[in-house]
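Please look over the sequence and the coordinates shown here before reading on.

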Amino acid sequence: MIAIGMEGSANKLGVGIMLHPEDGSPPQVLANIRHTYVSPPGEGFLPKDTARHHRAWVVNLVKKSLKEARVSVEDVDCICFTKGPGMGAPLQSVVVAARMLSLLWNKPLVGVNHCVGHIEMGRLITGATNPVVLYVSGGNTQVIAYSSQRYRIFGETLDIAVGNCLDRFARTLHISNDPFPGYNIEQLAKQGKQLVDLPYVVKGMDVSFSGLLAAIDGLAAQWGLDGEEAAKEDENKQGSQTGEEQIVPETDGKPTRADLCFSLQETVYAMLVEITERAMAHVGSKQVLIVGGVGSNERLQEMMGIMARDRGGSVYATDERFCIDNGIMIAQAGMMAYKTGFTTPLKESTCTQRFRTDEVFVKWRDD
Amino acid sequence: MADEYKPPALPSPFTNTTPAPTLLVQGAEAHLYKTVSLDPSIPAALKVRPSKPYRHPILDRRLTRQRIIQEARCLVKLVREGVSVPAVLAMDWEGQGGESAWGGAWLMMEWIEGPVVRVVLEQWEAWMKKNAASLDQSQIQKEEDRLRGLMKRIGHTLGGLHKAGVVHGDLTTSNLMLRSPAQETTDSPTGVSMEGEVVLIDFGLAGQSTQDEDRAVDLYVLERAIGSTHPRSEPFFEEVLNGYRASHKGTGSTLKKLEDVRLRGRKRSMIG
């Protein structure tokens, strides 16, 4: 069986095609294409502009993915789309496209929860059977474990998502949004040495990032590290450095932009690893699966690996092809639901900004 | 693949106590050992917070030190106020007891004999799932009443905690114990005793607060923990609130706040 997955809940538009062979052999990715709307440094992506981007690209990506997968329209069994959660306008533009294809090709629609898509793709790629899932992205921060046909949320953010915290700090520092802000923060953080004291807010299995963001934004302003000028100055300094390692004297204790990125990463990832560890201890699981865009961060993966090792377990992570929003994860989760007989009638093929992970009845698992 | 797990070395002086401390659980943050205090006949619980190698050393030291001191302060205060928690016997927050660079901290507490509520509920739920079909209505009613009683006692204990000006910060069923009574009297066919005083443990994330917000979050965290770990017991959470309401005056505003927290919790599906 073949499913097309269409995802556009944030600034990534993804179209993917999954094949589930009839003989029960492992599912295959036939195409995985993504186009990202990148906003200029210092700005976030606005729903209106992002939706316009998705509308402009969606037909192109569907055509390209069919061509790459070498499948014809007749071979497709169902069209899976992101029902939510996400930004309203981008979600809508993709759901309209999915509906159109469904009518045009006369194929059933399958509405998919974005978070469940991430979990199912992660499970497929890594082979983790029943892990504790840390889902971290620009819009979501959740610690999830499966129990009686639901993906239950054990801990989550009390305010903004971790990716949102990183993105917004990248905006403060005027760091490029290309390929994505978190990646550039990670690169800059590698040069950081000094750990700045930041609020560390863990409540049980929940975390909070808004106070931390306000604090680090304040520090950046206090040391004159925010805005476009500081970014340019920093860039020039980098350029003038020659091959040899230059040791920056830290006599006045003034942090650098790199120090702030370093401290931000160390603090927020320590918080995430801590709540994941607490969930693991609580459910008695030894596997951790990291999904979502922030999951591609190598420092987070490294810290999680150390934690898991000390608990006698292991960490499963994927690279940016699978953990950043994509179409195949929607196709994968949609296909699993479709195989149990689930379809979304045209009348109900809506999208919603609020769609909690634990609202989905996971019919395809019975463990 | 994962290496065979070895718990980190014990801090001095526990490296040469007889009998040697036995590891009971590896919690998220700490290792809990059973050891003895002063005399081999006096059992004690030893909570060791080893340094977390995944964290930056400065951050790690700051958190470990801050939390173990906070925990001890809360326990001492609660014992004084008559809330049932383990008493503090000894502690080291600087990790000086170890060989040179040992960066952890430890806290020795009174030994509580009995099961954690998580295990009690798990056993009860498993038994009910297996045998519910063969029970008549009055037996089911009796079992559910027993659970209601336990939930109510939990609520009462939480009321005492909050009245003393402390919030727990990590209320799960793993952090609630039942102190075994001198004589076990279980006439339930399930064989699962729900007797004994409810004892609160693990104050690693506790803090001093009398704000309705913090208290309500405490209750909400427990509600969600029960919902996610013990789906069958979830309908009885109302009894926790009943017990809580009856525990002391002024719980009304906290319970009202809880409704806000619940709503906010439901709306927490993020955009983007």
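The sections below describe the model one topic at a time.

## Basis and confidence

This is a predicted model, in which local features need pLDDT of at least 70 and side-chain atom pairs count only at pLDDT 80 or more, while totals for chains, interfaces and linings use all residues. Residues are numbered from 1 along each chain as its sequence is written, and chains are lettered from A and ligands numbered from 1 in the order in which they are written.

## Domains

Domain bounds come from an automatic or database domain assignment. In chain A this assignment gives domain 1 (2-114 + 324-359) and domain 2 (124-240 + 255-321), with centres, taken over C-alpha atoms, that are separated by 26 Å. Between them, 15 residues of domain 1 of chain A are in contact with 21 residues of domain 2 of chain A. The side of domain 1 of chain A that touches domain 2 of chain A has five nonpolar, seven polar and three charged residues, where Ala, Val, Leu, Ile, Met, Phe, Trp, Tyr, Cys and Pro count as nonpolar, Asp, Glu, Lys and Arg as charged, and the others, Gly among them, as polar.

For chain B the assignment gives domain 1 (14-110) and domain 2 (117-264), and 26 Å separate the centres of these two domains of chain B, again taken over C-alpha atoms. Contacts join 14 residues of domain 1 of chain B to 15 residues of domain 2 of chain B, and the side of domain 1 of chain B that touches domain 2 of chain B has seven nonpolar, two polar and five charged residues.

## A five-stranded sheet in chain A

Helices (H or I, at least four residues) and strands (E, at least two) are DSSP runs, numbered from the N terminus, and two strands pair if DSSP finds at least two bridges between them. In chain A, five strands form an open sheet with mixed pairing, in the order S3-S2-S1-S4-S5. Its edge strands are S3 (28-36) and S5 (109-113) of chain A, each of which pairs on one side only. Strand S4 (residues 78-84) of chain A pairs with S5(A) in the parallel sense over five bridges, and A:Phe81 stands opposite A:Gly111 in S5(A).

Helix H1 (residues 47-69) of chain A lies across S2 (12-19) and S3 of chain A, running at about 25° to S2(A). Helix H3 (residues 114-126) of chain A, by comparison, lies across S4 and S5 of chain A and runs at about 85° to S5(A). Axes are lines fitted to C-alpha atoms, for helices over the stretch in contact, and angles run from 0 to 180 degrees between N-to-C directions.

## Contacts between the chains

In total, 39 residues of chain A are in contact with 28 residues of chain B. Strand S8 (150-156), helix H8 (257-283) and helix H9 (298-310) of chain A are the elements that give two or more residues to the side of chain A that touches chain B, and the largest share, eight residues, comes from H8(A). By class, this side of chain A has 14 nonpolar, 14 polar and 11 charged residues.

## Annotated positions

An unreviewed UniProt entry places the feature "binding site" at A:His114, A:His118, A:Tyr135 and A:Asp325; UniProt positions are given in the numbering used here, feature names are shortened, and annotations may be inferred rather than shown by experiment. These residues span 212 residues in sequence, yet no two of their C-alpha atoms are more than 11.7 Å apart, so they gather at one spot. A:His114 lies in helix H3 of chain A.

Terms used
Contact = placed C-beta atoms within 7 Å.
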